[in-house]
Amino acid sequence: MIRSFKIEDSAIIYELGNQIASNFSKTNDLEKIINDKYTKILVYEIDSEIVGFLMYIELENTIDIVDIIVKEAYRNKKIASCLLDNLITELKEKIKWITLEVRKSNTPAIKLYQKFDFSIINTRKNYYENEDAYLMGREIKNER
């Protein structure tokens, strides 16, 4: 089941986030995010257990995906695909672009994004300390 983040989800969101980025809990104040009108989090639950989440920032006509994280034991089970599909399906009419950054070496994530019609727009040199990132994006046409 996919639903919006609730403040009582904070501990597991921090736990999952810190597995990907050691500074996740320092750079993301979930108590502020819950009331932020721009930053949103979708969580994926299986039997009341949060096994993944997608964090994004919604601006005027663009969504920037900040993180998609799935517990290691639940990877390759289409959870990230379901989160992305839900985000795209539920877009507001005014959204024209979805963008994200991904490590150049993260082939599974790049393939996932390409499956959802994201393409590489640019390369950001040393975006992740000593590793480049791809800026990927997808234009949202009047397909809704």
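## Burial of the ring residues

Buried means under 20% relative accessible area. In this predicted model, phenylalanine 24 has 2% relative accessibility, so phenylalanine 24 counts as buried. Phenylalanine 53 is at 0% relative accessibility and therefore also counts as buried. Tyrosine 14 is partly exposed, because its relative accessible area is 22%.

## Aromatic pairs

The structure holds four aromatic pairs. In one of them, the rings of tyrosine 14 and phenylalanine 24 have centres 6.4 Å apart. Their planes stand at 75°, so this pair is edge-to-face. The pair links distant parts of the chain. Tyrosine 14 belongs to helix α1 (residues 10–20). Phenylalanine 24 belongs to helix α2 (residues 24–27).

Phenylalanine 24 lies in helix α2 and phenylalanine 53 in strand β3 (residues 49–58), so the pair ties together parts 29 residues apart in sequence.

## The cluster

Which residues do ring pairs link into a cluster? They are Tyr14, Phe24 and Phe53.

## A charge over a ring

Arginine 103 lies over the face of tyrosine 128. The distance to the ring centre is 4.2 Å.

Definitions and conventions:
Residues are numbered from 1 along each chain as its sequence is written. This is a predicted model: local features need pLDDT of at least 70, side-chain atom pairs count only at pLDDT 80 or more; totals for chains, interfaces and linings use all residues. Side-chain values use heavy atoms; hydrogens and water are left out. Rings of Phe, Tyr and Trp (its six-membered ring) pair if their centres lie within 6.5 Å; planes under 30 degrees apart count as stacked, over 60 as edge-to-face and the rest as tilted. Helices (H or I, at least four residues) and strands (E, at least two) are DSSP runs, numbered from the N terminus. Buried means under 20% relative accessible area, exposed over 50%, partly exposed in between (1.4 Å probe, protein chains only). A charge sits over a ring if NZ of Lys or CZ of Arg is within 6 Å of the ring centre and within 35 degrees of the ring normal.
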